[in-house]
Amino acid sequence: MKKDRITTITKAAETIKTDLLVYFAVEEKGKMPACDAAVKPQVEKAFELKDFSGKAAEQILFYPAAGSKMSAARVLVLGIGAVNKENDKGNALDMLREAGGQVAKACASVKARETVICLPDPKYLSGALTDPQASAAALAEGVILGDYRFDKYKESTKKKTDYPGLGAIKFVCIGNLNLIRQGIEKAKHSAFAACTARDMANEPGNHWTSADFAAYAKQLAADTGLGYRCIEKKEMEQMGMGGILAVNQGSHVPARMVILEYLPEDATETILLVGKGLTFDSGGISIKPSAGMEDMKYDMCGGAAVMCAMQAVAQEKPDVGVVAIVPATDNMSGARAIHPGDIITHYNGVTSEVINTDAEGRLILADALAWGIERFKPTCVLDAATLTGAVIIGLGHHYTGLVSNNDALVKALEFAGNLAGEPVWRLPLNKNYEKQIESKVADIKNTGGKPAGTITAAAYLSNFVGKTPWAHLDIAGTAWDFTEKAYVPKGPSGTATRTFINLVRNWKTGKIK
Ligand code: BES
Ligand code: MN
Ligand code: ZN
């Protein structure tokens with residue numbers, strides 16, 4: 001889908017020739033669902049037959065006969081569900097995002113290349129959904145995210161016959177045109193950013209290495225004016241980044257630390273984003289079992305999220321500075337690989353005993369956090385990482401795990417995540433957990449045993465952030481296999497990308513101390 005093929009129009013929808021014309025209906029407990037007058041006769045009939053009540057994902061599909069007032073080849077009426085006042089804004093917007101995802105699915109099932117979507121009349125929406133900009137944005141995000149597919153490596157013969165996805169989307173606007181247009185523009189920024197993060201994740205380990213992270217960032221910087229820097233392996237050695245170098249020892253692809261900067265001159269605050277860019281995690285000498293190991297190509301989803309959030313930052317030019325750092329390498333077991341028991345020295349001088357070479361994410365993040373905080377003196381630092389299997393045991397695939405040293409930052413992230421349909425759940429951190437990673441021979445060790453694996457991983461990271469307000473997102477459960485939703489196709493979800501974008505959009509200077 002090309003960005004410029006998503007447009008807004010105000011023309012009467014019935015007159016438009018298109019593959020699939022979409023209307024929405026809102027459930028009204030026991031009553032005829034609210035919908036556009038153009039499809040009232042069909043909805044009335046379906047409601048009387050008890051076929052349709054406007055519940056989420058319920059559909060009426062019909063084919064206007066020749067001579068009918070409608071020019072579209074097909075017409076879909078899609079249920080949104082009941083919009084009540086109790087729905088918090090995040091849940092309510094996610095209903096619309098889901099509806100958008102359902103539209104994309106419906107388009108795929110009839111192989112529609114173009115769709116015209118009549119945005120729901122604001123008079124049918126209540127509570128949290130009366131904000132026209134946010135509502136249009138959520139719906140548009142849902143369509144774009146739901147239309148995502150990754151068929152780059154399908155043979156050309158198959159690709160030709162397969163449905164390639166939507167080629168154009170037209171949103172018919174009812175209500176405040178300006179606000180709706182702004183909402184759809186924002187939706188394009190955030191949804192395409194998340195789709196790009198999914199693309200990066202879908203690239204397998206042999207096609208997405210530290211060099212690809214660097215090349216992508218360099219191009220993005222050239223296209224947008226963001227600042228770009230790449231710390232190469234030689235420089236890491238001079239700087240003493242013993243964590244990322246240790247993880248990289250068993251690999252033949254040199255590690256890279258990739259940096260994208262958005263630092264407007266008049267900005268007084270800076271948000272630092274750090275993302276784990278582990279392009280393939282074999283476990284190293286502490287090798288992982290082979291069943292399911294292919295999923296470890298996704299171990300760079302944190303890096304993808306922060307890098308792609310910068311794409312939206314570059315487009316939206318906020319008042320606050322934003323910097324993204326991606327420590328990138330794979331974790332392999334070549335002849336020079338680190339051994340369990342090895343002791344390494346991180347960028348800030350903290351020494352660490354490597355008990356398990358598979359607990360590598362924290363080693364590469366540690367250097368990135370310590371260096372990034374020293375270099376940029378940020379107002380706050382956020383990291384996203386597919387860090388522990390333990391977070392899947394604790395929270396399943398429905399919440400991202402959150403560990404933080406700052407309550408105000410937690411609030412801001414909960415808000416941003418909720419609005420994105422990417423909820424986070426905070427876990428505690430205190431000296432009892434810190435004690436679990438005390439080493440007999442070094443300052444700390446890289447595993448704290450089975451209990452509270454997600455928290456002890458965060459305890460490790462806490463040694464590298466000092467007093468800077470910091471929040472750690474463990475996305476191991478949500479980066480792929482995320483909660484089943486119409487706008488989250490199977491595979492990588494792009495999670496945290498839109499949460500970070502929302503955090504930047506809603507940033508208020510002076511709030512985080
Ligand atoms: N990348 C993995 C975490 C992971 C596991 C993500 C499963 C998604 C699904 C990470 O590098 C890892 O291997 N963590 C270990 C840590 C342990 C050795 C302390 C884990 O969670 O088992
Ligand atoms: Mn690992
Ligand atoms: Zn890993």
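Trainee: How far is an oxygen atom of ligand 1 from an N or O atom in the side chain of glutamate 360?

Mentor: Keep in mind that this is a predicted model, where local features need pLDDT of at least 70, side-chain atom pairs count only at pLDDT 80 or more, and totals for chains, interfaces and linings use all residues. Residues are numbered from 1 along each chain as its sequence is written, chains are lettered from A and ligands numbered from 1 in the order in which they are written, and side-chain values use heavy atoms, with hydrogens and water left out. For glutamate 360, the distance to that oxygen of ligand 1 is 2.8 Å.

Trainee: And how much of ligand 1 does the protein cover?

Mentor: On its own, ligand 1 has 510 Å² of accessible area (Shrake-Rupley method, 1.4 Å probe).

Trainee: Which backbone does a nitrogen atom of ligand 1 lie 3.3 Å from?

Mentor: The atom on the protein side is a polar one. It belongs to the backbone of leucine 387.

Trainee: Are helix 2 and helix 12 roughly parallel or roughly perpendicular?

Mentor: Helix 2 covers residues 89-109 and helix 12 covers residues 407-420, with axes 7 Å apart and an angle of about 25°. Angles under 35 degrees count as roughly parallel, over 145 as roughly antiparallel, 65 to 115 as roughly perpendicular and the rest as oblique. So the two helices, helix 2 and helix 12, are roughly parallel.

Notes: Axes fitted to C-alpha atoms, helices over the stretch in contact; angles between N-to-C directions. Helix = DSSP H or I, 4+ residues; strand = E, 2+ residues; numbered from the N terminus. Polar contact = N/O pair within 3.5 Å; in protein donor to acceptor, adjacent residues only side chain to side chain.
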